[in-house]
Amino acid sequence: MAEGRSTKRWLPLEANPDVMNQFLWGLGLPPNEAECNDVYGLDEELLEMVPKPVLAVLFLYPLTAESEAARLKEDSVQKDYSNKVYFMKQTVGNACGTVGLLHALGNVTSEIKLQEDSFLDRFYKSTANLDPSERAVFLEKDTEMEAAHCIAATAGDTEASDDVDTHFICFSCVDGELYELDGRRERPISHGPSSPSTLLQDAAKIIKGMIQKNPNSMNFNVIAVSKKVA
């Protein structure tokens with residue numbers, strides 16, 4: 001949950017689907033539309049247990065010298081990305097969990113029905129035509145979101161502390177491509193072709209590669225945002 005370019009710091013959001021669900025439901029995501037679920041492993045049989053369809057995948061990983069070197073290497077390669085991707089920068093310290101969730105839902109607003117005039121409904125409508133940096137400033141100034149994040153951050157099983165060395169990113173499928181969305185980066189990172197039906201498996205392959213680069217750490221967590229099917 002890396003430092004942003006703001007002096008503002010929030011308490012980190014726990015990688016806990018129950019906490020995230022209460023957070024999102026309170027902000028305007030109807031419980032019968034979508035929910036967060038644990039991904040217990042990246043092997044095919046464990047991925048099969050995840051409720052489908054999967055709308056997005058959140059990944060919490062440790063910030064290490066290896067992960068930072070890989071990020072800088074990828075950032076050095078300028079690549080265009082689809083203008084359909086909803087992407088925002090992260091300027092508030094420890095806000096990566098919230099930014100990850102905003103990325104997750106922001107890229108599937110056509111597939112889920114947010115409560116009209118709820119926080120999330122207003123947020124996406126207000127930021128639709130802003131650039132990634134302007135969206136970050138909008139979030140930084142939003143006291144309603146800050147208050148909701150604070151409540152969620154203190155609702156987890158572990159004691160909240162702003163001294164952390166882990167970071168959330170989001171994987172979404174947009175326009176037939178798998179995108180890694182990380183508010184610390186300058187732009188979304190494309191990981192090649194994907195589809196809504198293969199999003200979870202495609203993201204799992206990338207996540208496996210990131211875990212292999214940090215063999216000495218156990219501090220990983222994968223959460224899927226799944227659409228509820230009646």
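Lys-227 is partly exposed at 25% relative accessibility, a class that lies between buried (under 20% relative accessible area) and exposed (over 50%), computed with a 1.4 Å probe and protein chains only. The model is a predicted one, in which local features need pLDDT of at least 70 and side-chain atom pairs count only at pLDDT 80 or more, while totals for chains, interfaces and linings use all residues. Residues are numbered from 1 along each chain as its sequence is written, and side-chain values use heavy atoms, with hydrogens and water left out.

Lys-227 forms a salt bridge with Glu-33, and their closest N and O atoms are 3.6 Å apart. A salt bridge here is a side-chain nitrogen of Lys or Arg within 4 Å of a carboxyl oxygen of Asp or Glu. Lys-227 lies in strand S6 (residues 221-227) and Glu-33 in the loop between helix H1 (17-27) and strand S1 (34-38), so the pair ties together parts that are 194 residues apart in sequence. Helices (H or I, at least four residues) and strands (E, at least two) are DSSP runs, numbered from the N terminus. Glu-33 is buried, with a relative accessible area of 15%.

The whole structure holds nine salt bridges. One of them joins Lys-125 to Asp-121, with 3.2 Å between the closest N and O atoms. These two residues are four apart in helix H5 (residues 119-127), so about one helical turn separates them. Lys-125 is exposed at a relative accessible area of 59%, whereas Asp-121 is buried at 12%.

A further salt bridge links Arg-185 and Glu-180, whose closest N and O atoms are 3.3 Å apart. Both partners are buried: Arg-185 has a relative accessible area of 3%, and Glu-180 has a relative accessibility of 2%. Through shared partners, salt bridges join Glu-180, Asp-182, Arg-184 and Arg-185 into one network.

Which strands pair with S4? Strand S3 (residues 166-174) is antiparallel to S4, with five bridges between them, and strand S5 (residues 189-193) also runs antiparallel to S4, joined by three bridges. Two strands count as paired if DSSP finds at least two bridges between them. Glu-180 has a bridge partner on each side: Phe-171 is paired with Glu-180 of S4, and Glu-180 is paired with Ile-189 of S5. Strand S4 (residues 177-181) is mostly covered, with four of its five residues buried. The hairpin of S3 and S4 has two residues between the strands, and Asp-175 there takes a positive phi near 55°.

On the surface, Asp-43, Glu-44, Glu-45 and Glu-48 gather in a patch of negative charge. Patch residues have over 30% relative accessible area and no salt bridge; like charges are joined within 9 Å, and nonpolar side chains (Val, Leu, Ile, Met, Phe, Trp, Tyr) within 5 Å. Glu-45 is in helix H2 (residues 44-47) and is exposed, with a relative accessible area of 55%.

Pro-51 sits in the loop between H2 and strand S2 (54-62). Pro-51 counts as partly exposed, at 34% relative accessibility. The C-alpha atoms of Pro-51 and Tyr-81 are separated by 29 Å, and the two residues are 30 apart along the chain.

Definitions and conventions: Accessible areas come from the Shrake-Rupley method with a 1.4 Å probe; for residues, only the protein chains shown count as cover. Lys and Arg count as positive and Asp and Glu as negative; His and the chain ends are not counted. The place of a charge is taken as NZ of Lys, CZ of Arg, CG of Asp or CD of Glu.
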